[in-house]
2 protein chains.
Amino acid sequence: MTHPATSSSSMVSSADVNGTAVYSPNGEHLGHIDHLMIDKESGVIAYAIMGFGGFLGMAEDHHPIPWKKLNYDPSLGGFVTDITREQLEGAPARDENWRDDRNWGAATYNYYGIPPYWM
Amino acid sequence: MTHPATSSSSMVSSADVNGTAVYSPNGEHLGHIDHLMIDKESGVIAYAIMGFGGFLGMAEDHHPIPWKKLNYDPSLGGFVTDITREQLEGAPARDENWRDDRNWGAATYNYYGIPPYWM
């Protein structure tokens, strides 16, 4: 997959984000971006939902992370993040109302060291 | 297509946005959201790219519009906008460098009466 617009432009298409691989800074494959959650009112990406696992009959895990933890690397054709697998697995647990739970949201952004998207 | 998360939540999934129908305030089908263009640095949706036409061998037209011109209506299962077809067709023309052309961006946001996403 080539990303001509992604490599040099200040913008990236949502069609090039969903399904794109995510790597660690040393090039280890961590997972992929499954989809983005968009704050309807502001049009800001609230979370990138990262999927990993899903091998050998095990369900894939989905982890919401701040967009600002992702950097697109054209040479890899994917995103690089300094979030580790252990960090993903230790992130604040969410219940089914997580989308509208500002306490969970604040705890999650704080956990990843990024100011919340609504601030 | 049902959008359970979309109807009541403050967030919407990018997977539910791409391909979703766009209607006029009186329910006329105008087109669909083909994809979103995301400002990489800020994680803000710079433009929703609306597609329409594409019938009888004619190419589909793509028109970047501000996210804030779209309102999701669960009863329609799509977005409603007050942008008319004539407005779309009369929008500022873009060249291949439109993604990084702030003059074009400012003219486009001004045309639709919305403050630019970077302000």
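This is a predicted model: local features need pLDDT of at least 70, side-chain atom pairs count only at pLDDT 80 or more; totals for chains, interfaces and linings use all residues.
**View 1. The contact between chain A and chain B.** Each side brings its share here, with 31 residues from chain A and 31 residues from chain B. The copies meet through the same surface, because 100% of the interface residues of chain A are also interface residues in chain B. Between them the two chains bury about 2700 Å², and 57% of that is on carbon and sulfur atoms. On the chain A side, look for Met11(A), Ile38(A) and Lys40(A), which lose the most area to chain B and together make up 29% of what that side buries.

**View 2. Polar contacts and elements at the interface.** So what holds charge against charge here: how many salt bridges cross between chain A and chain B? The rule finds zero of them. Polar contacts are another matter, with 14 residue pairs counted between the chains, both residues at pLDDT 80 or more. In chain A, helix 1 (4-8), strand 1 (11-13), helix 2 (14-17), strand 3 (29-39) and strand 4 (44-53) each put at least two residues on the side that touches chain B. Strand 3 of chain A gives the largest share of that side, five residues. Sorted by type, the chain A side has 15 nonpolar, 10 polar and six charged residues.

**View 3. Strand pairing from one chain to the other.** Here strand 1 of chain A runs antiparallel to strand 3 (residues 29-39) of chain B, and three bridges join the two. Zoom in on Ser13(A) and you'll find its bridge partner in that strand, Met37(B).

**View 4. A salt bridge inside chain A.** Over all chains the structure holds four salt bridges. One pair to look at is Asp82(A) with Lys69(A), whose closest N and O atoms are 2.9 Å apart. Asp82(A) sits in the loop between strand 7 (78-80) and helix 3 (85-89) of chain A, and Lys69(A) in the loop between strand 5 (60-65) and strand 6 (71-73), so the pair ties together parts 13 residues apart in sequence.

Note on methods: Residues are numbered from 1 along each chain as its sequence is written. Chains are lettered from A and ligands numbered from 1 in the order in which they are written. Side-chain values use heavy atoms; hydrogens and water are left out. Contact means heavy atoms within 4.5 Å. Buried area is the accessible area (1.4 Å probe) that two parts lose on being put together, summed over both. A salt bridge is a side-chain nitrogen of Lys or Arg within 4 Å of a carboxyl oxygen of Asp or Glu. A polar contact is a pair of N or O atoms within 3.5 Å; within protein, one must be able to donate a hydrogen and the other to accept it, and residues adjacent in sequence count only if both atoms are side-chain atoms. Helices (H or I, at least four residues) and strands (E, at least two) are DSSP runs, numbered from the N terminus. Ala, Val, Leu, Ile, Met, Phe, Trp, Tyr, Cys and Pro count as nonpolar, Asp, Glu, Lys and Arg as charged, and the others, Gly among them, as polar. Two strands pair if DSSP finds at least two bridges between them.
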